[in-house]
Amino acid sequence: MPVITEIEDLKRIYRRRVPKMFYDYCESGSWSEQTFRENSSDFDDIYLRQRVALDMANRSTATQLIGQDVSMPVALAPVGLTGMQHFDGEIKAARAAEKFGVPYCLSTMSICSIEDVASNTSKPFWMQVYTLKDDTFMQNLFDRAKDANCSAAVITVDLQLLGQRHKDVKNGLSAPPKLTPKSIANMMTKVQWGLGMLQTKRRFFGNIVGHAKGVSDASSLTTWTAESFDQSLNWDRIREFRKMWDGPLIIKGIMDPRDALQALNVGADAIVVSNHGGRQLDGALSSIRALEPIMDAVGDKIEVHLDSGIRSGQDVLKAVAMGAKGCWIGRAYVYGLGAMGEAGVTKALEVIHKELDMSMALCGHRDIKGVDRDILMVPKGFSGEWE
Ligand SMILES: Cc1cc2nc3c(=O)[nH]c(=O)nc-3n(C[C@H](O)[C@H](O)[C@H](O)COP(=O)(O)O)c2cc1C
């Protein structure tokens with residue numbers, strides 16, 4: 001077992017073990033990837049204020065996210081095709097999350113279905129839904145989430161159309177994947193991954209095939225995907241979704257204070273400041289820079305979470321100190337999953353927890369709930385004074 005001390009170690013192993021087309025699918029942003037890069041690098045512009053001779057014993061990173069107890073302010077973000085990164089990937093990630101005491105959010109575009117994840121885990125998870133045109137499918141998705149005892153629905157609002165990621169086009173990564181001779185040759189070199197995939201029947205979009213009208217095979221899925229995403233989405237439509245789900249609701253993909261206010265008005269319980277990990281609007285601000293104006297607009301009225309770019313516990317600490325109640329991680333746990341399955345997701349969570357806990361202590365705090373902006377040194381203009 002290699003010595004793993006940071007998320008980057010997991011990424012290196014992940015890259016070796018998983019077929020290139022799925023590694024590329026995860027490790028890319030849209031167009032020039034500027035936003036993808038800056039999501040992480042902008043955290044480096046914020047500094048932590050070291051304190052000394054303050055009692056650092058008996059620390060706690062425990063808090064609550066939408067009223068649910070969590071062992072640290074971190075949730076696993078919805079990631080499509082997780083089951084192609086490692087066999088039964090969604091089930092493995094959800095199990096690691098529940099053992100660690102953090103929420104797991106299942107994607108609409110998952111390989112394992114809602115029912116599958118529910119019957120292979122013991123704690124409620126969150127269900128992410130895209131804003132699709134088909135009302136029957138949407139209501140059915142919310143009902144299935146309710147039947148599976150999901151404890152929150154997450155509506156992703158930043159994907160009315162799919163951002164272009166060049167590598168996916170070149171690799172033939174579409175729904176479903178079009179295998180090129182090159183990607184087949186590459187897959188054949190990933191023996192462990194391949195043996196895992198041969199063990200499972202879960203290799204297709206479990207929430208869609210057999211549930212969406214007329215989708216029974218690969219070619220009908222392509223047509224359905226192309227036709228389903230709703231480019232004419234508006235807040236009235238989102239209000240309709242709110243009526244379809246009577247549990248806690250989180251709206252994910254907010255980058256502007258005006259949209260945060262809209263999310264508040266439709267009755268969301270929380271929002272996620274997110275640019276989809278830099279996979280949608282290239283040239284958008286990093287989410288950490290977008291956080292403060294949103295906190296100013298709605299921070300005292302609604303719970304605000306943040307994702308995009310988090311690769312360490314220091315990143316989590318900085319976002320929490322700036323006001324986020326919690327952070328979601330996407331790629332950081334996918335690296336772990338692709339590297340070592342469930343044990344790798346656990347390792348990713350352990351790494352982030354250790355970094356968060358020790359950094360908090362060295363900033364002079366013992367309880368994550370007491371951390372505030374005072375621990376940060378933020379350069380003037382960081383959140384922008386834009387024209
Ligand atoms: C490979 C991949 C697939 C994703 N699929 C979804 C998805 O199905 N639904 C969704 O709401 N967000 C999806 N996201 C966005 C994540 O939920 C999250 O916003 C993003 O990964 C956060 O950035 P990070 O990866 O830098 O942590 C995906 C992200 C990645 C990397």
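Predicted model: local features only at pLDDT ≥ 70, side-chain atom pairs only at ≥ 80, totals over all residues.

How many residues surround the ligand, and which are the closest? I find 24 residues around the ligand, and the closest are Ala 77, Gly 80, Ser 107, Gly 277 and Gly 330. A residue is near a molecule if its C-beta atom, placed from the backbone, lies within 6 Å of it.

Residues are numbered from 1 along each chain as its sequence is written.

**Entry: the ligand shell.** I sorted the shell by class and got 9 nonpolar, 11 polar and 4 charged residues. Here Ala, Val, Leu, Ile, Met, Phe, Trp, Tyr, Cys and Pro count as nonpolar, Asp, Glu, Lys and Arg as charged, and the others, Gly among them, as polar. Helices α2 (20-26) and α16 (331-362) each supply at least two shell residues. Helices (H or I, at least four residues) and strands (E, at least two) are DSSP runs, numbered from the N terminus.

**Entry: the sheet.** I traced 8 strands in an open, parallel sheet, in the order β4-β11-β10-β9-β8-β7-β6-β5. The edge strands, β4 and β5 (105-106), each pair on one side only; pairing takes at least two DSSP bridges between two strands.

Next I looked at β11 (residues 326-329). On one side, β4 (residues 74-76) pairs with β11 in the parallel sense over 3 bridges, and Leu 76 stands opposite Ile 329. β10 (residues 303-307) also runs parallel to β11, joined by 3 bridges, with His 305 as the bridge partner of Gly 326.

Is β11 covered on both faces or on one? Both are covered: Gly 326 and Trp 328 on one side and Cys 327 and Ile 329 on the other are all buried. Buried means 20 or more other C-beta atoms within 10 Å of the residue's own, exposed means 12 or fewer, and partly exposed is in between, with C-beta atoms placed from the backbone.

**Entry: helix α7.** I checked α7 (residues 135-147): its 13 residues reach 18 Å from first C-alpha to last, close to the 18 Å expected at 1.5 Å a residue, taking 1.5 Å times one less than the number of residues. Its buried residues are Met 138, Leu 141, Phe 142 and Ala 145. Seen down the axis, they fall within an arc of 95°, so they line one face of α7. The face turned away from that buried side carries the exposed Thr 136, Asp 143 and Asp 147.

Methods
Arc of directions from axis to C-beta.
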